Amino acid sequence: MELLYVILGILISLFFTAWFIPQILAVSYRKKLFDYVDARKIHTGVVPRLGGIAFVPSILVSLCLVVGIASLFVNDRNVLEISPLQLSFGLCSIILLYYEGIMDDLVGLRYRIKFVVQIISSVLIVSSGVWMNDFHGLFGLHELSPWIGMPLSVVVIVFIINAINFIDGIDGLASGLSIVATFFFGMLFYYEEMWGCAYLSFVTFGTLLPFFYYNVFGNEQKRRKIFMGDTGSQCIGLILAVLAIYFSMSRPEMETKVKGSIIVSFSLLLVPALDVIRVVIHRFRRHANIFLPDKSHIHHKLLMLGMSHKAAMSSIVLAAMVFVAINLLLLQRININLILVIDVVVWTVAHMLLTKAINKKNESNGAEKY
């Protein structure tokens, strides 16, 4: 029966977003709400950047409808399987971030203001009881005290929000990575019979599919192309962070079927996480503001090698899927700390090879080194 609710949730969110985005496009062109081209932008024409406005309403409406329908047939348990505190603080958190994102997309906000709102949203999530209480042997640590786990969880949530926001640099990349992550989260939560998080994962997955189509295959001349903006990237980042932390939590009342859940859950976010860490280190070494955008992300490197936008996006999304698949295979055989080391080494070596290839190409063209 739960599979039926999952399919229903995907269909409702898919159709709702597919209806909503054309309305946003029409208003954006009528009111001239565009993401204009500048020195750091990759696109060449004026494109609305308000696609993310559709995400939170679509997710909440779809989730509420699915839960409501399920509740009609399931009278003996809480279908969402979350506490009133988690529900109320979770809604406050995402709505607060949603409003901040809309203001930033419409009029622009300083990164300090955005950072403060992200912290407040993260604190609300952690205060609701969703925080990293177990490292499952990662770094030799297991159960964490609230004094360590709760502040760490705030940092992790803010980090993931910005990781998704930072990697939203070419068509389909942030949404493609998020589609992969939400689908696998949905499967994991479904396997663990954690229905509330499974429904949230799958309705988010369904919400992202129509946006991905408009973002990647939409035609600028026909006014069918749109970006997600900070509204979309930050809210999706928050949802992914909550799903990752919730899946990795230890619960005395139930035994998880998936071993090494912390590696499994965060493997789904490995590419954006490692990318933002490398970019921050790169900016720090160059004495640049770590919050101001530049062209040092993985997708920029692939574009410098001559890849098309779609080829670069597809390569990165495929790499993310490979990371997840390999980590799941290795999890059955080796220690999770060794898996993390292998992931970091592979990512570092890949970047070194990319930089070497870019410099070789620039040298042959008489351009400066990267």
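A: Helices here are DSSP runs of H or I with at least four residues, numbered from the N terminus. The model is predicted.

Two helix pairs involving α7 can be described. Two packed helices are described by the angle between their axes and the distance between those axes.

The crossing of α1 and α7 is right-handed. From α7, the contact residues are Trp-195, Tyr-199, Phe-202, Val-203, Phe-205, Gly-206, Thr-207, Leu-209, Pro-210, Phe-211 and Tyr-214. The residues they meet in α1 include Tyr-5, Val-6, Gly-9, Ile-10, Leu-14, Ile-21 and Leu-25, and Glu-2 is also among them. The contact of α1 with α7 divides into 17 nonpolar, five polar and one charged residues.

Between α7 and α8 lies a loop, and Arg-223 is found in it. Most residues other than glycine have a negative phi. Arg-223, a residue other than glycine, has a positive phi, near 60°. Gln-221 is placed in the loop between α7 and α8 as well. Its relative accessible area is 69%, so Gln-221 is exposed. From Gln-221 to Leu-91 the separation is 130 residues in sequence and 37 Å in space, C-alpha to C-alpha.

A positive phi also occurs at Phe-139, where the value is near 60°. Phe-139 sits in the loop between α4 (111-127) and α5 (146-166). At 55% relative accessibility, Phe-139 counts as exposed.

Elsewhere, α5 packs against α10 (residues 270-285) at an angle of about 85°, with the axes 9 Å apart. That angle makes α5 roughly perpendicular to α10. Phe-159, Ala-163, Ile-164 and Phe-166 of α5 make the contact with Pro-272, Ala-273, Val-276, Ile-277 and Arg-283 of α10. Eight of the residues in this contact are nonpolar, none is polar and one is charged.

The cysteines remain. A disulfide requires a pair of cysteine sulfur atoms within 2.5 Å, and the count by this rule is zero. For Cys-92, the closest cysteine sulfur is that of Cys-235, 14 Å away, which is too far for a bond. Cys-235 is likewise in no disulfide, and its nearest cysteine sulfur is that of Cys-92. As for accessibility, Cys-92 counts as partly exposed at 43%, whereas Cys-235 is buried, with a relative accessible area of 2%.

Terms used: Residues are numbered from 1 along each chain as its sequence is written. This is a predicted model: local features need pLDDT of at least 70, side-chain atom pairs count only at pLDDT 80 or more; totals for chains, interfaces and linings use all residues. Side-chain values use heavy atoms; hydrogens and water are left out. Buried means under 20% relative accessible area, exposed over 50%, partly exposed in between (1.4 Å probe, protein chains only). A crossing is left-handed if the near helix is turned anticlockwise from the far one by less than a right angle, and right-handed if clockwise. Contact means heavy atoms within 4.5 Å. Ala, Val, Leu, Ile, Met, Phe, Trp, Tyr, Cys and Pro count as nonpolar, Asp, Glu, Lys and Arg as charged, and the others, Gly among them, as polar. Axes are lines fitted to C-alpha atoms, for helices over the stretch in contact, and angles run from 0 to 180 degrees between N-to-C directions. Angles under 35 degrees count as roughly parallel, over 145 as roughly antiparallel, 65 to 115 as roughly perpendicular and the rest as oblique.
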